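Colleague: Hi, could you walk me through this model? I'd like to start with how you describe the packing.

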Amino acid sequence: MNVPLEMKGVTQVHGRGANEVHALRGIDLTVREGELVAVMGPSGSGKSSLLNVAGGLDTPTSGSVHVAGTDIARRGARERAAVRRRDVGFVFQDLNLVPALTALENVALPLELDGMRPGAARGDAEAALAEVGLLEAADRFPEDLSGGQQQRVAIARALVGPRRLVLADEPTGALDSVTGDAVIRLLRARVDAGAAGLLVTHDARYAAWADRTVHLRDGLVEGGGPGSDGAGLDESGELQGADA
Ligand SMILES: Nc1ncnc2c1ncn2[C@@H]1O[C@H](COP(=O)(O)OP(=O)(O)OP(=O)(O)O)[C@@H](O)[C@H]1O
């Protein structure tokens, strides 16, 4: 089976000329099935850029980004969107639930947009809501849910269907620690069930749930020379301390 995520020599330049920002400067990163990788680093080091490129929301300036075997760096927007909908789940800090849709309809939406029949989409959405412990809230609207419940609906929407790659950008940002722990536990459970996960976090406590941590600085994996994807960087207590 293909590796869920394999990035090689990925660079990304935002802007032009005097405004050019080199957000990513040569990233090699592989995330395998059953593996949760935490991404840490100072503000502006490229964490969000890395996640957006990994999930095909942005294209890199150079390098390859294989998601479940397809190099999305070399595909057009339409094909990238198809890979994204089929294989990638995003958990963002910004919940982005549709206010006019119930929890269940919010979760079913990406499946229906991808052409799944409403009945089948509903069944998968119920399973995803059950996974986050919110099946009883299926028919409620976002405004009738607490912040933590809304976050779980967003997680269910990210995890619905058989996604092989789950990308989370500070998913615990706005949450109290109990709810934050619950979110990370859900992510960990999905990865243990066979997905690959990439988790951007500033919090060493959440990074501790990952199998390994990659530290970014100025668009590069620290200690990750050519041919390395940063595995084993955890041994550097100094870097962990600097980021926490
Ligand atoms: N759309 C854009 N246009 C121009 N510059 C950008 C754009 N997106 C990101 N950048 C720049 O690229 C660099 C990396 O940004 P990125 O958001 O990836 O960092 P980050 O590590 O996620 O930061 P933070 O922790 O603050 O969210 C920064 O210098 C940022 O200003």
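Modeller: Happy to! The angles themselves run from 0 to 180 degrees between N-to-C directions, and the axes are lines fitted to C-alpha atoms, for helices over the stretch in contact.

Colleague: Good. And what am I looking at, and how do you number things?

Modeller: This is a predicted model, where local features need pLDDT of at least 70 and side-chain atom pairs count only at pLDDT 80 or more, while totals for chains, interfaces and linings use all residues. Residues are numbered from 1 along each chain as its sequence is written. Helices (H or I, at least four residues) and strands (E, at least two) are DSSP runs, numbered from the N terminus.

Colleague: Let's do helices, then. At what angle do α3 and α4 pack?

Modeller: About 125°, with axes 8 Å apart; α4 covers residues 118-131. α3 and α4 are therefore oblique to each other. The crossing of α3 past α4 is right-handed; left-handed would mean the near helix is turned anticlockwise from the far one by less than a right angle, and right-handed means clockwise.

Colleague: How do α3 and α5 sit: roughly parallel or roughly antiparallel?

Modeller: α3 (residues 103-113) and α5 (residues 147-159) pack at about 30° with axes 8 Å apart, which means that α3 is roughly parallel to α5. In that pair, Ala103, Asn106, Val107 and Pro110 of α3 meet Val153, Ala156 and Arg157 of α5. The classes there are five nonpolar, one polar and one charged.

Colleague: Nice. Switching to sheets: what is the strand order in the six-stranded one?

Modeller: That open sheet runs β6-β7-β8-β3-β9-β10, with mixed pairing. Two strands pair if DSSP finds at least two bridges between them. The edges are β6 (88-91) and β10 (220-221), each pairing on one side only. β6 is parallel to β7 (residues 165-169) over four bridges, and Val91 faces Ala168 in β7.

Colleague: What does α1 touch on that sheet?

Modeller: α1 packs against β3 (36-40), β7, β8 (196-200) and β9 (212-217), and its direction makes about 155° with that of β8. α5 is on this sheet too, lying across β6 and β7 at about 165° to β6.

Colleague: And around β9?

Modeller: β3 and β9 run parallel, joined by four bridges, with Met40 opposite His215 in β9. On to β10: β9 and β10 form a hairpin with two residues between the strands, and Asp218 in the turn has a positive phi of about 50°.

Colleague: How about the four-stranded sheet, what order there?

Modeller: β2-β1-β4-β5, an open sheet with antiparallel pairing. β2 (21-31) and β5 (70-71) are the edge strands. Eight bridges join β1 to β2, and five join β1 (residues 5-14) to β4 (residues 62-67). Met7 is opposite Val65 in β4. In the hairpin of β1 and β2, Gly15 takes a positive phi near 75°.

Colleague: Last topic, the ligand. Which residues surround the ligand?

Modeller: His14, Gly15, Val21, Ala23, Gly41, Ser43, Gly44, Ser45, Gly46, Lys47, Ser48 and Ser49.

Conventions
A residue is near a molecule or strand if its C-beta atom, placed from the backbone, lies within 6 Å of it. Angles under 35 degrees count as roughly parallel, over 145 as roughly antiparallel, 65 to 115 as roughly perpendicular and the rest as oblique. Two residues are in contact if their C-beta atoms, placed from the backbone, lie within 7 Å. Ala, Val, Leu, Ile, Met, Phe, Trp, Tyr, Cys and Pro count as nonpolar, Asp, Glu, Lys and Arg as charged, and the others, Gly among them, as polar.
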